[in-house]
Amino acid sequence: MTAPIAVALDAPDLPTLSRWAFETSPFVSTLKVGLEVFCRDGAAAVQAARDAAMRAGADHARIFLDLKLHDIPATVAGAASAVRDLHPDYLTVHAAGGPEMIAAAARALPDTRITAVTILTSLDDSVLESIGMRGPSLDAAVRLAVLAVEAGARAIVCSPLEVAAIRAAVSDDITLITPGVRPAGAGVQDQKRVATPESALAAGADLLVIGRPITGAASPGEAARELRDALPAAR
Ligand code: C5P
């Protein structure tokens with residue numbers, strides 16, 4: 001059994017990414033390749049994650065391509081089409097790009113869950129106001145999540161503190177994904193607002209993005225196994 005965890009493979013190089021994917025994929029549902037790794041290594045990073053999971057016997061592993069696209073609809077559709085051959089299970093776009101942009105991404109990749117990022121957890125209410133976005137951030141996140149789902153997004157990235165309100169506003173088949181998750185007692189690093197895996201799931205999250213508490217451990221595989229064993233069964 002795997003846990004509803006997307007391991008953030010924010011690795012300094014491809015061999016490290018492969019090792020993390022190999023060690024953790026037996027215990028988690030999803031492997032996340034982010035912007036930094038993709039800018040450096042491109043498609044090879046996704047291939048390396050998938051190959052490592054296969055070698056580990058984890059052919060269930062889903063690929064989460066976290067590129068947070070945000071541009072005019074034609075450009076986002078082009079970028080989404082450009083990663084079609086990688087068959088990502090999830091591809092992120094910024095909900096703030098608007099409904100046409102989200103719809104364009106969904107049309108370009110019908111077999112991928114276009115995943116809308118609501119409000120970056122690095123933005124607080126005063127920054128939101130300074131960039132002209134109507135807050136408070138909880139209201140803005142719910143508003144953007146509903147807009148994104150109506151436009152064709154099938155998953156939403158939000159803070160664990162917003163997940164209950166968004167769960168109440170969108171249907172059950174929408175996958176809610178929360179970063180900023182830390183096991184009790186783990187270091188928070190640069191995450192400002194954190195929740196434990198148990199509380200994020202209880203609030204309605206379907207998939208937990210967890211990076212450094214796993215990849216920074218002496219044994220990422222053991223850390224992933226311990227997290228899986230501590231979690232209640234997925235929703
Ligand atoms: O190491 P850590 O668990 O903080 O990693 C979290 C991952 O989730 C990173 O890859 C980060 O880019 C991503 N993320 C985040 N906050 C968001 C969206 C994505 O931390 N709002």
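A polar side-chain atom of Lys 32 lies 2.9 Å from an oxygen atom of the ligand, where a polar contact is a pair of N or O atoms within 3.5 Å and, within protein, one atom must be able to donate a hydrogen and the other to accept it, residues adjacent in sequence counting only if both atoms are side-chain atoms. The model is predicted, with local features requiring pLDDT of at least 70 and side-chain atom pairs counting only at pLDDT 80 or more, while totals for chains, interfaces and linings use all residues. Residues are numbered from 1 along each chain as its sequence is written, and side-chain values use heavy atoms, with hydrogens and water left out.

For Arg 182, a polar side-chain atom is found 2.8 Å from a ligand oxygen atom. The ligand taken alone exposes 460 Å², of which the protein buries 84%; accessible areas come from the Shrake-Rupley method with a 1.4 Å probe, and for residues only the protein chains shown count as cover. The ligand has 13 residues around it, and Asp 10, Arg 182, Gln 191, Gly 211 and Arg 212 come nearest (a residue is near a molecule or strand if one of its heavy atoms lies within 4 Å of it).

Lys 32 also lies over the face of Phe 64, at 6.0 Å from the ring centre. The criterion for a charge over a ring is that NZ of Lys or CZ of Arg is within 6 Å of the ring centre and within 35 degrees of the ring normal. Rings of Phe, Tyr and Trp (its six-membered ring) pair if their centres lie within 6.5 Å, with planes under 30 degrees apart counted as stacked, over 60 as edge-to-face and the rest as tilted. By this rule there is one aromatic pair. The ring centres of Phe 64 and Tyr 90 are 5.5 Å apart and the planes are at 45°, so the pair is tilted. The pair links distant parts of the chain, with Phe 64 in strand β3 (residues 62-69) and Tyr 90 in strand β4 (residues 90-94), 26 residues apart. Helices (H or I, at least four residues) and strands (E, at least two) are DSSP runs, numbered from the N terminus. Both Phe 64 and Tyr 90 are buried (buried means under 20% relative accessible area, exposed over 50%, and partly exposed in between, with a 1.4 Å probe and protein chains only).

Two residues other than glycine with positive phi were examined. Lys 68, in strand β3, has phi near 45° and counts as partly exposed because its relative accessibility is 30%. His 87, in the loop between α4 (73-82) and β4, has a positive phi of about 45°; its relative accessibility is 54%, so His 87 counts as exposed.

A cis peptide bond joins Gly 135 and Pro 136, with omega about -5°. Pro 136 is in the loop between α6 (125-130) and α7 (137-151). Ser 137 belongs to helix α7 and counts as buried because its relative accessibility is 11%. Leaving out residues up to four places away in sequence, Ser 137 touches Ile 119, Asp 125, Leu 128, Glu 162 and Arg 193, where contact means heavy atoms within 4.5 Å.

Thr 178 lies in strand β7 (residues 175-178) and is buried, with a relative accessible area of 0%.
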